[in-house]
Amino acid sequence: MTGFLRHARYVVTENPVTLVAFGLLLFLVVLAFIGPTIAPHDPLATDTARKLEPPTRAHWFGTDQLGRDILSRVVVATRLDLAIALGAVALSFAAGSLLGSCAGYFGGWTDRLVTRVMDTIMAFPLFVLAMGIVAALGNTLANIVYATAVINVPFYARMARAEVNVRRDAGFVHAARLAGNGPARVLAVHVFPNCLPPMMVQVSLNLGWAILNAAALSFIGLGVRPPTPEWGIMVAEGAAFMVSGEWWIALFPGLMLMLAVFCFNLLGDGLRDLIDPRRRT
Amino acid sequence: MRLVGRRLALAIPGLVGVVVVTFLLNRALPGDPAAFFAGPAATKQAIDEIRVKLGLDRSLPEQFLYYVRDLGRGNLGTSLTTGQSVVSDLVQRLPASLELTLAGLALAVGVALPVGVFAATRPGSWIDHVARVVTTTGVSLPVFFTGLLLVYVFYYLLGWAPAPLGRLDAFASAPRTITGFFTIDALLTGQPATAGAAVRQLVLPAVTLGIFAMAPIARMTRAAMLGVLSSDFIRTARAAGLASRTVLFTYAFRNAMLPVVTLLGMIFSFLLGANVLVEKVFAWPGIGSYALEALIASDYAPVQGFVLVMATIYVLLNLAIDVLYGVIDPRVRIEA
Amino acid sequence: MRTAARCLIAFMMLAWGATASAQGRNETLLVVTESGPNSMDIHGVGANRPAYQASWNIYDRLITYGTKASPDGSRMYDYASLKPELAESWTVAPDGMSVTFKLRRDAKFHDGTPVTAKDVKWSFDRAVTVGGFPTFQMKAGSLEKPAQFEAVDDHTFRVKLLRKDKLTLPDIGVPVPAIYNSTLAKKHATASDPWAMEWLKNNAAAGGAYKLESWKPGQETVYVRFDDWKSGPLPKLKKVIVREVPSAGNRRALLERGDADISFDLPPKDFSEMAKAGKVAVVSHPVENAFAYVGMNVKNPPFNSPKVRQAVAHAIPFEKIFSSAVFERGVALNGNPIAALTHGHELVKTPFKYDIAKARALMAEAGHAKGFETTLSFDQGFATTNEPMAVLVQESLAQIGIKTTINKIPGSNWRNMLLKKEMPIFLNAFGGWLNYPEYFFFWNYHGQNAVFNTSSYQSPEMDKLIDAARFESDPRKYSELVRSFARLAVADLPRVAVYQPLLDVAMQKNVRGYQYWFHRQLDYRQLSKE
C-alpha cells in the first residue's frame with residue numbers, strides 16, 4: 001500500500017495537471033454539498049424588474065430573463081448535475097460489470113447473448129438512442145438518468161468481459177475454486193476486484209460524458225423540468241440570448257459545465273497513470 | 001473475402017435487434033402522429049381517418065410485419081414532416097453528414113496526431129501538459145455550445161465566417177451531384193468558386209466537431225507512441241544508431257497507428273451521431289437534423305430509417321477497420 | 001500527412017478567395033424561416049403552415065381581399081372588401097341562394113393551359129371531398145358537397161348555397177379553395193388516388209404568380225415569377241428563395257448582418273430589440289381573433305369550482321408576463337377575451353387585477369384555503385414564451401397555495417392532450433382565420449366541444465348566444481349578442497385571456513410592400529426590393 005501511495009505521490013508531482021483535477025473535484029463536491037446554503041439568492045425567485053442584468057456586485061453572474069440570479073442557479077445546480085452523472089454512471093457500471101463479468105467468466109451462450117445485446121446497443125447512434133428513450137418515457141429526472149445509463153452499459157460490459165476473461169484461468173482463481181468457493185463467490189470476491197482499477201478510469205471519463213449527455217438532452221428540450229436549475233438547460237436557454245449580447249446567461253453555466261467535465265476527464269487520465277504505470281515512461 | 005462475408009453474416013442479428021428496438025421505441029413515443037398531422041381543427045373522426053391512412057389502426061405485430069415487408073423491398077416509408085420518401089431524403093442528406101463528419105475528423109486528426117506524437121516525445125514537459133489541458137478542454141465543451149460560440153464570434157461579431165445557412169450560401173447553386181460532397185463535386189465539374197463557397201460553409205461546423213474529437217485522438221496517439229517508444233525494437237533501432245526522425249516516423253509511428261485507427265473508426269461513428277446537434281446549430285441539411293426534427297414530431301419512419309442507416313454504417317465501419325488492421329499490420333488477420 | 005496538410009491549405013485558399021455572385025440580388029428575395037413546407041398541396045394530409053405559404057403564392061383563388069391601412073400606418077388585408085383574382089366578377093342571386101363567378105378569359109396555368117370553370121369545379125370538389133383540414137375549412141363557409149358546384153360554361157362557375165351564411169364568400173378567399181390545373185392533375189391520378197394527392201404533394205398544377213422552381217424539403221424552396229400571370233399586377237420579385245434555418249439566433253444574426261431579407265418566427269425579445277436598434281425594419285400587427293390564455297378544466301376538480309378559477313385569474317401576474325415573457329410584443333388583455341376579437345365592439349370591462357389577497361380570499365371561500373397540488377402544462381413547441389410564462393404563473397400560484405409541477409409536452413403530443421381534455425391547468429393560444437368573434441367563440445366556447453374548447457366548457461346559454469350571433473344580420477342586435485357572450489365568458493371563466501400576440505416580421509429596410517394577412521404567411525406578390 002505504501003508503494004501505491006508513493007506511486008500516487010510520484011504521479012501527482014510528475015503531473016501537476018492531475019493535482020489540479022483533484023482540486024477541482026474537491027471544489028465541485030463541496031459545492032454540491034453546501035451549494036444551497038451559500039447561494040446568495042433564491043435560485044427560483046424571479047424579479048422581473050431586474051431581468052437580463054449583466055454581472056454586477058449584487059448579481060456576480062448577472063440575471064436571466066426572469067431576473068433570477070445566475071450565480072445562485074449555477075451553484076445550486078451543481079448537486080443535481082453531479083447527481084445525474086453519478087446516478088447514471090453508477091447504474092451503467094453496476095449493470096455493465098455484472099453482465100460483462102458473467103459473460104467473461106462463464107463464456108458459452110451467456111457470453112454470446114451478452115455480446116450480441118451489447119453490440120446491438122453499440123450499433124445505435126448513442127445520443128439518438130438516449131433521445132428516443134427520454135422522448136418515449138417522458139422527460140423526468142429518472143428517465144434522463146436511465147437513458148444515460150443505458151447508452152453507457154456496453155462500455156463497462158465489454159471492459160469487464162475482457163478483464164475477467166484474462167483472469168479467469170489465472171492461478172489464484174484456480175486456487176480459489178479448489179478451495180471450494182462457488183462460481184459466484186469466486187467471481188465476486190476473487191476475480192472482479194482485480195478488474196476494478198481499469199474500470200475506475202472509465203467511470204471517471206464517463207462522469208464527464210454523462211454530464212454532457214444530460215446537457216445535450218436539455219438543449220433539444222428533453223431535460224429536467226423548469227424551473228429546476230440545471231447547467232445544460234441554462235446553457236440552452238442562454239444560447240438564444242447570445243446574439244442579442246446577453247452572453248452571461250449561457251457563459252457561466254457553460255463554464256461550470258465545462259469545468260466539471262474537464263475535471264472528470266483529467267481525473268480519468270490521472271487515474272490511468274496511477275493504475276497503469278506501464279503506460280508512463 | 002469469405003471471412004468478410006462471415007463477419008457480415010454475424011452482424012445481422014445485431015441489425016435485427018436495432019430494427020426491433022427502434023420500432024418499439026418509436027411506438028412508445030408519446031405523440032399521436034395521426035392527431036399531429038390531421039391539422040389544427042381535426043375532429044375525432046378526421047383523426048381516425050388519418051390513422052387508417054397511416055396504417056396506425058393495425059395491431060403492433062401487424063404494423064411490424066408490414067414494416068419488415070417494406071424494409072425487404074427497400075422501402076423505409078414516408079416522412080410526414082418533409083412529405084418525401086425516407087430513402088430519397090436519406091440519400092440526399094447522407095452525403096452532407098458524411099462530408100461534415102469527415103471534414104471534422106480530418107481537422108481533428110490533422111491537429112491531434114502531431115500533438116500526440118509531440119507530447120509523447122517529451123512526456124511530462126510543459127508542452128505535454130498544455131496539449132493535454134487544451135485538448136481536454138475541447139472535449140469538455142458541449143458541442144452545441146461550441147457551435148453557437150463560434151457562430152457568435154466568427155460570424156456575428158467578426159464577420160469572418162459566412163452565414164450559418166447550411167451547405168452553400170443562398171445565392172450559389174449546388175453543383176451537379178457526383179459524389180454528393182459539394183466540395184468535391186464542384187471541383188470535378190470545374191466550379192472552383194462554388195467549391196470555395198462550400199468550403200467556407202464547412203469550416204465552422206467542421207471545427208466544432210474537430211474540437212470535440214481532438215482529445216481522444218491526441219490522448220490515444222500519445223499513449224500508443226509512448227508504448228511503442230519504450231518497446232525493445234525501438235531501443236534496438238536507436239542503439240543501432242538510426243536517426244531519431246527515422247525511428248520516430250518510420251518505426252514508432254507506424255506501429256502506434258494501430259490503436260489510433262481503431263479509435264478513429266469509433267470516433268467517426270460517434271461524430272456521425274454527435275452531428276445531430278451541430279447540424280441543428282448550423283442549419284446543416286444532414287441526416288442528424290433530419291432525425292431530430294422527426295423525433296420531435298413523432299414521425300416514425302425517418303427515425304427508423306436514420307437509426308438503421310447509422311447502424312449499418314457502424315457495422316461496415318467496424319469491418320473496414322478490421323480489414324485496415326490487416327493492411328497496417330500484416331500479422332493481424334480477420335478472425336470470424 | 002504532408003499531402004493532407006497541403007490539401008487543407010488549398011481548401012483554405014479556396015475558402016477565402018471565393019466570393020458568391022451578387023447578381024440579381026435586387027430581384028431576389030431571401031426568406032429565412034424556422035421550418036419549411038411539407039407539401040405543395042394545401043389539401044394534402046398533414047400539410048403544415050409553411051405549406052399554406054407555398055400554396056398561397058403558387059396557386060390562385062377565385063377571389064381575394066383588398067388592403068387597408070392598419071392603425072399604425074402599415075398595410076393589412078381588409079376583411080370587409082373582397083377583390084377579384086381568377087374571377088373577374090361575381091353576382092349573388094336575388095334569392096341569395098347562389099353565387100355566380102365570371103372567370104378571367106386570359107388566365108393560364110403555368111403549363112399554358114387556359115383556366116376554365118371545369119378546373120374550378122374540380123378544385124372545389126376536391127377540397128370538400130378529400131377530408132381533413134380543407135374539407136373542414138370549406139364547411140366553415142357552408143361549402144359542403146360537390147353538388148353545390150356547377151361549371152355553367154367555360155368561364156362561368158356557380159356555387160349553390162345550402163343556407164345563407166355570411167362566411168361563404170370570405171371563405172372562398174382563404175388559402176384552401178385554390179384553383180388546380182385539373183387536366184394536368186388528372187394525368188397523375190390513379191384508381192386508388194383519384195385526386196392525384198400523391199403527385200400534387202411534390203408538384204404544382206397551378207397558375208399563380210410564382211412557379212415552383214425547386215424544392216428540397218427541410219432545406220430550401222425556390223420560386224420564380226410566372227411572367228404570364230394575369231390575375232393581378234405583375235409582381236416585382238423575379239425569384240424568391242426560402243431557406244430553412246432552425247436556430248432563431250442564427251436567423252436574427254442573418255438579418256442583422258444583411259444576409260437575409262425577411263423573417264417571421266423570432267422570439268419576441270429579438271423583435272423588440274431589433275425594433276429598438278433600428279438596423280432592420282420590424283413591422284408588427286396584433287394577430288386578429290387570437291389570444292394566449294391560461295385554461296382550466298371546468299369538468300374536473302379542483303378547477304370545476306368557479307371561485308378557484310376566479311382566484312387563479314386574480315393570481316396571474318399579467319404585467320410580469322407581459323414584460324418578461326412576451327417582451328411587450330402583444331396587447332395586454334388582463335383577462336378580457338373580447339379585446340382581441342372585435343373591431344368596433346364595445347370592450348367588456350374586465351374584473352381582474354393582480355391581487356393576491358383577493359385570490360387567497362377566493363381560495364378560502366372555495367374551501368381550498370390550504371391549497372392543492374396540480375400540473376401546469378404547455379406545448380414545448382412554443383417554449384420561448386410559454387416557459388417563462390409558466391414559471392411566473394407557477395411562482396404566483398404558489399402564493400395562494402396552488403403547488404404546480406410544470407409539464408412540457410412535446411409538440412407532437414400537444415394536440416393529443418388537448419383532444420383528451422384532461423389537463424387541469426395549461427397555457428395555450430388560439431387564432432382563427434375569419435375575423436368574426438362568433439367564429440372564434442364557436443370553436444372555443446361552444447358546447448359542440450371542438451378540440452379548441454380546451455376547458456370542456458358547456459353552457460346552453462352560451463351556445464344560444466353564439467348561434468344567434470352567427471346568423472344575425474341586424475348590426476345592433478349582433479353587437480349586443482357579441483357583448484353578451486363575451487360577458488358570459490368572463491363570468492364563467494373557463495380560461496383567462498392573458499395577451500393578444502403580435503405578428504412580427506423583421507426585414508431589410510429596402511424591402512417594400514409587406515402586408516398583414518389573416519393566414520399570417522408572406523405574400524411574395526406584394527413584396528419588392530429597392
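In chain C of this predicted model, strand β3 (residues 75-84) runs antiparallel to β2(C) and is joined to β2(C) by 7 bridges. Strands are DSSP runs of E with at least two residues, numbered from the N terminus; two strands pair if DSSP finds at least two bridges between them. Thr64(C) has Lys83(C) as its bridge partner in β3(C). The open sheet has 3 strands in the order β2-β3-β20 (chain C), with mixed pairing. β2 (63-69) and β20 (515-516) of chain C are the edge strands; each has a single partner strand, so one side of each lacks a neighbour in the sheet.

A hairpin is formed by β8(C) and β9(C), with 3 residues between them. Strand β8 covers residues 210-216 and strand β9 residues 220-225; 6 bridges join the antiparallel pair. Ser214(C) is bridged to Val222(C) in β9(C). In the turn, Gly218(C) has a positive phi of about 85 degrees.

Between chains B and C, 57 residues of chain B contact 49 residues of chain C (heavy atoms within 4.5 Å). The two chains bury about 4,700 Å², 62% of it on carbon and sulfur atoms. Buried area is the accessible area (1.4 Å probe) lost when the two parts are put together, summed over both. The salt bridge count is 0 (side-chain nitrogen of Lys or Arg within 4 Å of a carboxyl oxygen of Asp or Glu).

Residues are numbered from 1 along each chain as its sequence is written, and chains are lettered from A in the order written. Local features need pLDDT of at least 70, side-chain atom pairs count only at pLDDT 80 or more, and totals for chains, interfaces and linings use all residues; side-chain values use heavy atoms, without hydrogens and water.

Note on methods. Helices (H or I, at least four residues) and strands (E, at least two) are DSSP runs, numbered from the N terminus.
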